[in-house]
Amino acid sequence: MSFLAEGSDISFPVRFVKGVGEVRERALSRLGVRTAEDLLFFFPRRYEDRRNITPFSALTEGSVASVVAEVAAFEKRSSSSSSRRGLEISSVLLSDGRDFIRAVWFNMPRLEGVLTPGTRVALYGKVEVRGGIQLTSPEFEVLDESDPESVGRIVPVYPATAGLSPKWLRRIVSSALELCLSRVCDYIPPEMRRRLGFADLRESILEMHRPRGRESWRRARTRLAFDELFLLQTGLLLRKKRHFAAQKNAPFVRGKPGEKFDAFLRSLPFPLTGAQDRVIREVASDMASETPMNRLLQGDVGSGKTLVAVAALVIAADSGAQTAFMVPTEILAQQHYFRLKEWLAELGIRAELLMGSLSRGERRRVLGAAASGEAGVLVGTHALFGAKVRFKQLGLVVVDEQHRFGVLQKNTLLAKTRAPHVLVMTATPSPRTLPLSIDGDLDVSVLDELPPGRKPVRTVLLRASERQHFARLLAFIRDTARQGHQVYWVCPLIEESEKLDLSAAYSRFQSLKEYLPDLRAALIHGQLPAGEKEAVMRAFAAGETDLLVATSVIEVGVDIPNATAMVIEDASRFGMAQLHQLRGRVGRGGGESHCVLLCGKPTPEGAARLDAMVSSSDGFEIAEMDLRQRGPGEICGVRQHGVTDFRVADLTRDYKLLALARKEAALLLEKDPALENAGPLKDTLMRRLGAALELAGTA
Ligand code: ADP
Ligand code: MG
């Protein structure tokens, strides 16, 4: 092909690749493949390891397996079962040389001519047991022993579409590799590539199509996922810069750590964790910059996010600005307020508390303090959105447990001032926070380190009937209390069955008091008046109560390190993120903590959730499993952006890579604001995302 000079670009139409004609060109374009370059970056959906053939005897029911076999017999019949009446069933007897299994398909009349006895096939599907082992409607591919691409190695399986067979896709990807791979230029600047220890781009592309092994594949995948995220982040930051340049949106208050901040650091009872130190620096630098901070802080339960928020508000106070500290529950608002009040008073900052349930007079006093600027910090629930809430100098908005709030609510608060700094915090990357973190609005910090001495909470699942375990459980609670520790007993409460649930919580409380008369027990739930909630939580925090029976009002934020045990009743009624948050209320001190999950007969999904809770204590891992269980529909907010149709990156698992990509993009743009010295990066960015992000004229 003469037009393809050495070093020329590879974004020519895909029909110039050997083996692609007009019809297939159209089919490929349905898969988003239009150029030879697209084809290089058209990666397998999965792989089949055809180096070693799994013997049929190793197949287990319920698993998804990939096998290579020979067709022994083909049989066609009509379905007799009532649910599948009228279906024509193709049933194929397969042999691996020692054993036989069946594969069945429904209404596929043409199979008979394809799967003739003696044909070798690769199959992929779910293993069921129906009389014997059976694969139901598996994907399959007839193996051609003369085709070296399809046997004896790890075989890539590409996302197929009608009219494109897996074999053919493999073939044309191979021709594209031959034709173009040597012309691919690495668009990640060499210095960055070296510093991050990334694999070479050409090697990575090749590895994705023809993996040599798990480790090398993983390296290649990481590199390519990073590339996608990095390109997107660079594009988004360019767009954001243009946006701010147009609006001249200088922050209301440029903050710089001063005297109060120094005093704050001195007042800490413990050294900062490395992660806290790093994130506080990021926050400080945001607050001193020319655009308002807009940062998402992710950190697992107990990682010490509150401290970062306090550091930010002290920096704001150092420049005379007020902070609104938004939390989702009254219990958490009270906790933060009582902690902050004294601590901040020493630094000369006055904290006030605003909740819906305040008395009129108290409310008037608090609103006055906010409006006059005397209140340096206003901690509060949704009440902060109220129309009467005014500030003198609102410079910082902190949103704790932000997954509990809607975006609109935050915006109501932001409208109360001009261009404040914003810090939102969350324990788990939720489907709701993800879209924000990728649309370029939010910078992301990750607190990926727990304070020293934390031990993972030991979690056990008690499935059997209650009576059998109850005595043991009571003994365990009594023991915990004797050792001077405290216990939460959580009862489910959901809105739909609130009355029933509440009365169940009451009777649980009564029965526990009867069984454990020597313990000091209390009950808390959302319906209690604020004053009572406060009294109950205060007594528990002060160690005056041993056992706190609670609904999920204590789910988020509550921090009482001396509580080391939690029992969660009917645990399968909670979602995974919720269970993780609840469990995060224990394991906050240095000692060993326990969480007991009680459940009757959970659904299969419920049982899987609980097993996952027992096996993992890592919030990111749990969020990931949760998303996977709930399926991709949940993250449609992300999908709609279009620019996030990644080929490699997966936002439910690559959030750490996302943070890295964002940091690197910022670093690069700081050095090279218009990407003039970034080599092929600028071209690649414009080609891939220029139109989607409307970047023309930006860089
Ligand atoms: P979360 O991230 O869940 O909001 P918190 O901010 O409530 O976590 O902190 C959890 C607990 O860890 C608190 O009791 C807090 O005092 C403690 N803590 C925070 N930072 C440190 C640290 N650097 N060293 C020791 N303990 C810390
Ligand atoms: Mg918290």
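These legends describe close-up views of a predicted model. Local features need pLDDT of at least 70, side-chain atom pairs count only at pLDDT 80 or more, and totals for chains, interfaces and linings use all residues. Residues are numbered from 1 along each chain as written, ligands are numbered from 1 in written order, and side-chain values use heavy atoms, without hydrogens or water.

**View 1. Helices H8 and H10 pack together.** H8 spans residues 259-267 and H10 spans residues 305-318 (helices are DSSP runs of H or I, at least four residues, numbered from the N terminus). Their axes lie 7 Å apart, at an angle of about 150 degrees. The two helices are therefore roughly antiparallel (angles over 145 degrees, on a scale from 0 to 180 between N-to-C directions).

**View 2. Residues joining H8 and H10.** H8 contributes Glu259, Lys260, Phe261 and Phe264. From H10 come residues including Leu307, Val310 and Ile315. Contact means heavy atoms within 4.5 Å.

View 3. For Arg588, a polar side-chain atom lies 3.0 Å from an oxygen atom of ligand 1. Gln276 places a side-chain N or O atom 2.9 Å from a nitrogen atom of ligand 1.

Definitions and conventions:
Angles under 35 degrees count as roughly parallel, over 145 as roughly antiparallel, 65 to 115 as roughly perpendicular and the rest as oblique. A polar contact is a pair of N or O atoms within 3.5 Å; within protein, one must be able to donate a hydrogen and the other to accept it, and residues adjacent in sequence count only if both atoms are side-chain atoms.
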